[in-house]
Amino acid sequence: MSVEVRIDPGRIARTLRLRNGVVARRLAQRTERTARIAEREAPGSMGRYITWKVEEGPRGLQGVIVCDHPATRFVLDGTRPHIIRPRRAKALRFEVRGRTVFAAYVRHPGTRANDFLGRALRQGR
């Protein structure tokens, strides 16, 4: 009795790329797990702006994590010391120790970079 097995690499590749296939489900699980870590690592309310998806990329399926918060770039890269001036008013208004304070400008000391997305990617592996 003889047995013959033929492997069709094209069919295997198509099976692995199926939208609801085993690979896509595992990729979705890992992407979601990494997004949850990023939500925990994100400062303040930035975690609520994180979403994830699995999409077709140039070399097959890829997991994508997106943070739509307007200050994401400043948090990831950090900022240099800079001066903050009012845009539409004559003075800035804020509270210090329960008192309202007005200022023509403020010297911001800058912020250190916080690569919370990179940390989530390294932890999610």
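The model is predicted, so local features need pLDDT of at least 70 and side-chain atom pairs count only at pLDDT 80 or more, while totals for chains, interfaces and linings use all residues. Residues are numbered from 1 along each chain as its sequence is written, and side-chain values use heavy atoms, with hydrogens and water left out.

Start with helix α2. Helices here are DSSP runs of H or I with at least four residues, strands are runs of E with at least two, and both are numbered from the N terminus. α2 has 20 residues. From its first C-alpha to its last it reaches 29 Å, close to the 28 Å expected at 1.5 Å a residue. That expected span is 1.5 Å times one less than the number of residues.

Which residues of α2 are buried? They are A24, A28, T31, T34, A35, I37 and A38. Buried means under 20% relative accessible area, exposed means over 50%, and partly exposed lies in between, with a 1.4 Å probe and protein chains only. An α-helix has 3.6 residues a turn, so residues three or four places apart point the same way. The cover over the buried residues of α2 includes β1 (50-57), β2 and α4. A28 sits in α2. Leaving aside neighbours within four places in sequence, A28 is in contact (heavy atoms within 4.5 Å) with W52 and V54.

Now take the strands. β1 and β2 pair in the antiparallel sense over eight bridges. Two strands pair if DSSP finds at least two bridges between them. A hairpin joins β1 to β2 through two residues. G57 has G60 of β2 as its bridge partner.

The largest pocket comes next. About 280 Å³ of space lies in it. A pocket is found on a 1 Å grid over the protein atoms alone, as an open set of points with protein on both sides within 12 Å along at least five of seven lines; lining residues have an atom within 4 Å of a point. Grid points are joined across faces, edges and corners, and the volume is the space filled by probe spheres set on the points. The largest pocket has 13 lining residues, of which T31, T34, G63, I65 and L121 lie nearest its centre. α2 (22-41), β2 (60-67) and α4 (116-123) each supply at least two residues of the lining. The largest share, five residues, comes from α2. The lining divides into seven nonpolar, four polar and two charged residues.

Helix α3 (residues 72-77) holds T72. T72 is buried, with a relative accessible area of 8%. Beyond four places in sequence, T72 touches M46 and C67. L76 also lies in α3. L76 is buried, with a relative accessible area of 15%. Beyond four places in sequence, L76 touches A113, N114, D115, F116 and L117. L76 and N114 are 38 residues apart along the chain, yet their C-alpha atoms are separated by 5.0 Å.

Finish at a loop. R97 lies between β4 (92-96) and β5 (99-103). Is R97 buried or exposed? R97 is exposed, with a relative accessible area of 84%. Its phi is near 50 degrees, a positive value in a residue other than glycine.

Key. 1 Å grid on protein atoms, 1.4 Å probe; cavity = no way out; pocket = protein on both sides within 12 Å on 5 of 7 lines; lining within 4 Å. Nonpolar A, V, L, I, M, F, W, Y, C, P; charged D, E, K, R; others polar.
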